[in-house]
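Welcome! Take a look at the structure first, then read on.

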Amino acid sequence: MHFMILAYDGTDEGALDRRMKVRPQHLENIRKLNEAGHVISAGGLTNAEGKLIGSVLLMDFESREQLDEYLAGEPYVTGGAWEDIKVETCNVLFANPLDA
C-alpha cells in the first residue's frame, strides 16, 4: 500500500534547530527503510526562500499500522521537528530514480 506523507515542521524560532539536531538519525533511518524497500521517494519541503519547512515522503508499507509503527519511531517525530503530519493513501504509477 502506498502512502504520501506531508510532514510540516514547527514554525517557532527553534524549529530548524530541532530538525537539524536529529537529521543524522532521520537520514540513517530513511536509508534503512530504503534498503528494506519502503521508500519510493523522500525529500525536504522548502519555503519560497529555500529553507526547510518539512518533509514529503512516498512510502510503501503493507498496512497503515506498519506505517504508524514507522512514524512512532521516526526521529523527526520523537525529536519534535515534525508538528503537523498528513497521511494519504495513493497509487504510485511511476517512480523514476534520482541521483541523490
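In this predicted model, 29% of the 100 residues of the protein count as buried.

**Fold and overall shape**
- You will find three helices and four strands in the protein.
- Starting at the N terminus, these elements follow the order β-α-β-β-α-α-β.
- The radius of gyration is 13 Å, close to the 13 Å given by the globule rule for 100 residues, so the protein is as compact as a globular protein of that length.
- Along the principal axes, the C-alpha atoms fill a box of roughly 35 × 25 × 25 Å.

**Contacts along the chain**

**Charges**
- The protein carries 17 negative side chains and 9 positive ones.
- The centres of these two sets lie 6 Å apart.

**Aromatic rings**
- Two aromatic pairs are present in the structure.
- One of them is formed by Phe61 and Tyr70: the ring centres are 5.9 Å apart and the planes meet at 20°, so this pair is stacked, given that planes under 30 degrees apart count as stacked.
- Phe61 is buried, with a relative accessible area of 3%.
- Tyr70 counts as buried too, at 7% relative accessibility.

Terms used. Residues numbered from 1 in each chain as written. Predicted model: local features only at pLDDT ≥ 70, side-chain atom pairs only at ≥ 80, totals over all residues. Heavy atoms only, no water. Helix = DSSP H or I, 4+ residues; strand = E, 2+ residues; numbered from the N terminus. Rg over C-alpha atoms; globule rule 2.2 N^0.38 Å. Buried < 20%, exposed > 50% of the residue type's maximum accessible area, 1.4 Å probe, protein only. Lys, Arg positive; Asp, Glu negative; His and termini not counted. Charge placed at Lys NZ, Arg CZ, Asp CG, Glu CD. Phe/Tyr/Trp six-rings, centres within 6.5 Å; stacked < 30°, edge-to-face > 60°.
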